[in-house]
Amino acid sequence: MVQDASFYNQNPKFYVAVDNVIFGFADGKLQVLLQQRDFEPFSGELSVQGGFVQENEDVDTAAERVLFERTGVHDVYITQVGTFGRLDRDPGARVVSVAYYCLLDKARCDDEKVKKYHGVWVDVDSLPELHFDHTEIVRTALFHLRMFIGRKPIGFYLLPENFTLSQLQTLHEAILGVTLDKRNFRKRVADMTFIEKTGLVDKIHSKRGAALYRYNAEEFKNFNKFKL
């Protein structure tokens, strides 16, 4: 049954936005792609990558569109982390935002798209205070990432296709903010059949030539003891 239009007309209308916390990993650091705003409010300041939901798209589609516009990448890990709707969160208008976090290999980013939207990669552990409620959004996204990094094999989205075990351990340390015991970490990895040795050697980042590994998503389907 179609609802009487007056039911909708008597209620307020306001904007719905998406805010993407885009995580990358480089030089042993977890980073987030921020945007140096060239428009008001807070022109010249940093914010997370976001945009408004359009009339012809659903919320998830809007988040994926913003991600592609800002990075040139679309097939990455992206998931909702919460909705932010404090009355005074945006001085420009009444805006409710659905927040997401995205995990991607920085090397896959289209540098021209990053530059077009004034993208700036910032280390998470030296994140400046952001306007709106964007600091809270980043912290919420980081909380979710830390909560799931040991439960789901999502960290591989932040790494190149082939990686060393040292890179894998450093990634987990950067996300969790702790130092992990090398021997125990590698013992757990050795039990995970979905982390495969490629037969290739990394001669760029390792003087001795460290073995390269890859993640096998199909093999993970048969594995139910994941914990790193």
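A residue counts as buried here when its relative accessible area is under 20%. By that cut-off, in this predicted model, helix H2 has these buried residues: Ala62, Ala63, Val66, Leu67, Arg70 and Thr71. Looking down the axis of H2, they fall within an arc of 140°, so they line one face of the helix.

As for the helix itself, H2 runs over residues 59–71, 13 residues in total, and spans 19 Å from first C-alpha to last, close to the 18 Å expected. At its start, a side-chain oxygen of aspartate 58 comes to within 3.4 Å of the backbone nitrogen of aspartate 60. At the other end, just after H2, glycine 72 takes a positive phi of about 80°.

Turning to the nonpolar cores, the largest has 42 residues, and those with the most contacts inside it are Val21, Phe23, Tyr101, Leu145, Leu168 and Ile195. Strands E1, E2, E4 and E5 each give two or more residues to this core, as do helices H4 (134–148), H5 (165–176) and H6 (182–190). The largest share, five residues, comes from H4. There is also a second, separate core of nine residues, among them Leu67, Val73, Cys109 and Val114. Leu67 is one of the buried residues of H2.

Technical notes. Residues numbered from 1 in each chain as written. Predicted model: local features only at pLDDT ≥ 70, side-chain atom pairs only at ≥ 80, totals over all residues. Heavy atoms only, no water. Helix = DSSP H or I, 4+ residues; strand = E, 2+ residues; numbered from the N terminus. Expected span 1.5 Å × (residues − 1). Buried < 20%, exposed > 50% of the residue type's maximum accessible area, 1.4 Å probe, protein only. Arc of directions from axis to C-beta. Polar contact = N/O pair within 3.5 Å; in protein donor to acceptor, adjacent residues only side chain to side chain. Core = buried A, V, L, I, M, F, W, Y, C linked by side-chain atoms within 4.5 Å.
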